[in-house]
Amino acid sequence: MTGIFCPRCKGDMTKRHSARGPFWGCKAFPTCRGTLNVTADGGSDGTTAGIDPTEFPLDAKPVDPATVPARIIALDDEQLLVAAWRSGEAVAAAAAGSGKSTVLVERTADLVREGELPENVLTLTFNRDAAQSLREKLAKRLGSDVAARCRAATYHAFCLALLKRWYPTDARLGRIVGASDEAPSKLTLFGQALRETNAPGDADAYAEIDERLREAGIDLDAPDAVEQVEKSRWGGEAAARIVTVSRRYSVLKHERECCDFSDMLCVVAKIFAKDPKRILRYAHVQVDEAQDTNVVQQQIAMALGGCATSLIWVGDLRQSIYGWRGAEPTLLTDRVAAGAQLLPIRTNYRSTVAIVEAGNAIARGHDWHLGGDCRARPDAPDGERPVVRSGGAADAAAWISADLADDSDGQGPSSFALLARTNSILVDAECALVARGLPVRVLGSRGGVWETQVGRLVRAYLHAADNEASPDFVRIGNRPLRYAKSDALKRAAGNTDITVVEALRSTGDRGCIRLAGDLEDLEDMSYEGRCDQVCKWLVRDVADRAAGLKQEPDEDRIETIRALCEAAVQAGSITAIEEQVSRIKKTKDDQPAVTLSTGHRAKGLEWAVVYVLGTDAALFPHMKATDVEEERRLFYVATTRAACSLTYLVSAGEGMSPFIDEMGDAVKVVIEAGDLEEERDERDEA
Ligand SMILES: Nc1ncnc2c1ncn2[C@@H]1O[C@H](COP(=O)(O)OP(=O)(O)O)[C@@H](O)[C@H]1O
Ligand SMILES: [Mg+2]
């Protein structure tokens, strides 16, 4: 008996040791998680220790420094300052390729070698790919056992794990909207919310706006929610309606006992704010790609950092490209203004001198600098200036194919990337690469463009026209809106004894009967006619849904639908499309493949040879873009992915991007805008 009693269950306590030192823990752990601080005399002053015994293992031991390999790469003086930061808040502001992520890994290794428990170092990353890449680098540096003890996670993964630990019996955490089979889909819930509130428009669009608003820190239950939404970049005229629908969605979520991804962030942020004792006590908190942190993520990182010995924000204002999703690039400058130490890193280790110069040329003269220009590393090769050519995905595929055939520099397919300005260009690019027989990996979609949401809709329609109910059959029922009930659609899809059309009719549901009629029309058409009709329906659907929200239709989505339907015609049959999907799916993560990506997804990654597709006047900045500076930053991100060779491809006759013009001599233009027009005229004549 210790005479110290648990503040929660009043049971006996025992002295335990955590990464943060000794504390009193309830003997009934894990049933009870009560903790108390240990005072200097070994007793207790009755204050909760704020230690979650499952988060910080009781028996974790420091790593024997002799087993941590010495640094292999030599960090430069600026990088060393970041790696050696031990207490207080700092902002490591550095341009692309300056080794920001590398320094985070090295710093973690240094801390572990100094005796810090790996469990005590938390690195928060932007998305799953980034977290994965960080864990791989840690494993390489520290060995897989020690690396597995380091905390490297996305905000979502971090928050979900935490909530599960706090509320192990809460069923909602096992029923995540959009991620678990037991939960209804977000679309279903928003669809119901729309019906119940008599709001017109698109469930998908509301779902997306709801997520953005909440992650931008707007409380939709607050009395002034409508005003806040009006002022935000998503609200506009439909603000009142958005708030009504979102609130209804919240209630439905509650009734159906499930939660969604934004809930995880928002709930944790709220708990941290309300009850600081529950903030986990890491010793060191590091945030990578901090320029793209949204408001709620910021709140979480600030709370954790506030309880830690050190907090480092690592990022680059020049690469802030998620303003449209609620990221607050001012974070970095704000933190410096609030007293965080600015630690610039100015040497680029990724690229040739010519490519570093090109990046600087884009960034120069704009006010989103923090840390100034960067320079190439002393031993960097000069390299060729980036080239601007006329051409599209098919040309790039031909050049890559030729490069690979002439294997003189020993570069495999993984050295190449095609970065597309828009998703529709991605469609063309995938087809062009597949047509050349090249292995392809599409970032963000394992099965490539046909596995994206729109791609699956087109495929589902083409299958339905052949009388097959494919997995996405239920989703085409209301695209365009036919007022088909989802349970009726499900019933029809499950009824495999009769034809799809008969099954739809047999439900007696009016919307299903309408779909049956439409599918019969499709059946009578040629394959090309079917592709054409599906395109019309899906484009109309986008327009109708935007109208309901009083918004402009999403041009990129419409272009993507058109590109997919054209690609479907080119493929010649739905069987050929399915073959393409399964071929791309079969490419394992570690298998060499040419990477295809949008500029957004490519953030943080690098390739020897990069082609940027669609650097046209109308696309960069995108004609629909409201924030030209963010477009410039996206152009900067695409440019700085290249290590050795970079080609900008201009496809249409409207001339090249003004961003290229601004780069002056930093690029070599082998076409003039006039040539493009001539070329187009020649093509048209032919
Ligand atoms: N001090 C260094 N010496 C040699 N190479 C380095 C050094 N720092 C970083 N690199 C290399 O530079 C490239 C870019 O590093 P990365 O950490 O991805 O940069 P960032 O996160 O700033 O974009 C990587 O290939 C990395 O291995
Ligand atoms: Mg990085």
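Good morning. I shall begin with helix α7, residues 203–215, in this predicted model. After α7 comes G217, whose phi is positive, near 85°.

I turn next to the sheet. Six strands form an open sheet with parallel pairing, and their order is β6-β5-β7-β8-β4-β9. Its edge strands are β6, residues 151–154, and β9, residues 341–342, each of which pairs on one side only. Within the sheet, strand β4 (residues 88–93) and strand β8 (residues 310–315) are joined in the parallel sense by six bridges. To give one example, V91 has W313 in β8 as its bridge partner.

Two helices that pack on this sheet deserve mention. Helix α5, residues 155–166, touches β5 (121–125) and β6, and its direction makes about 105° with that of β6. Helix α12, residues 330–337, touches β4, β8 and β9, and its direction makes about 135° with that of β4.

Let us now consider ligand 1. Which residues come nearest to ligand 1? Of the 15 residues around it, the nearest are G99, K100, S101, T102 and Y349. Helix α2, residues 100–113, supplies the largest share of this shell, namely three residues. By class, the shell around ligand 1 comprises six nonpolar, six polar and three charged residues.

My next subject is strand β13, residues 416–420. Five of its five residues are buried, so β13 is largely enclosed by the rest of the structure. In which directions do the residues of β13 point? F416, L418 and A420 point one way, while A417 and L419 point the other way, and all are buried.

Five bridges join β13 to strand β16, residues 607–613, and here A417 stands opposite V610. Four bridges join β13 to strand β15, residues 594–598, and there L419 stands opposite S597.

P621 is found in the loop between β16 and α24 (628–639). Why does P621 count as buried? The reason is that P621 has 21 C-beta neighbours inside 10 Å, and a residue needs 20 or more to be called buried. Leaving aside residues up to four places away in sequence, P621 touches V628 and E631. Along the chain P621 and R421 are 200 residues apart, yet their C-alpha atoms are separated by 9.6 Å.

The second residue, G444, lies in the loop between β14 (440–442) and α16 (453–465). G444 has 16 other C-beta atoms within 10 Å and is therefore partly exposed. From C-alpha to C-alpha, G444 and L81 are 35 Å apart in space, and they are 363 residues apart in sequence.

That concludes my presentation. Thank you for your attention.

Note on methods
Residues numbered from 1 in each chain as written. Chains lettered and ligands numbered in written order. Predicted model: local features only at pLDDT ≥ 70, side-chain atom pairs only at ≥ 80, totals over all residues. Near = placed C-beta within 6 Å. Nonpolar A, V, L, I, M, F, W, Y, C, P; charged D, E, K, R; others polar. Expected span 1.5 Å × (residues − 1). Pairing = 2+ DSSP bridges. Contact = placed C-beta atoms within 7 Å. Axes fitted to C-alpha atoms, helices over the stretch in contact; angles between N-to-C directions. Buried ≥ 20, exposed ≤ 12 C-beta atoms within 10 Å, placed from the backbone.
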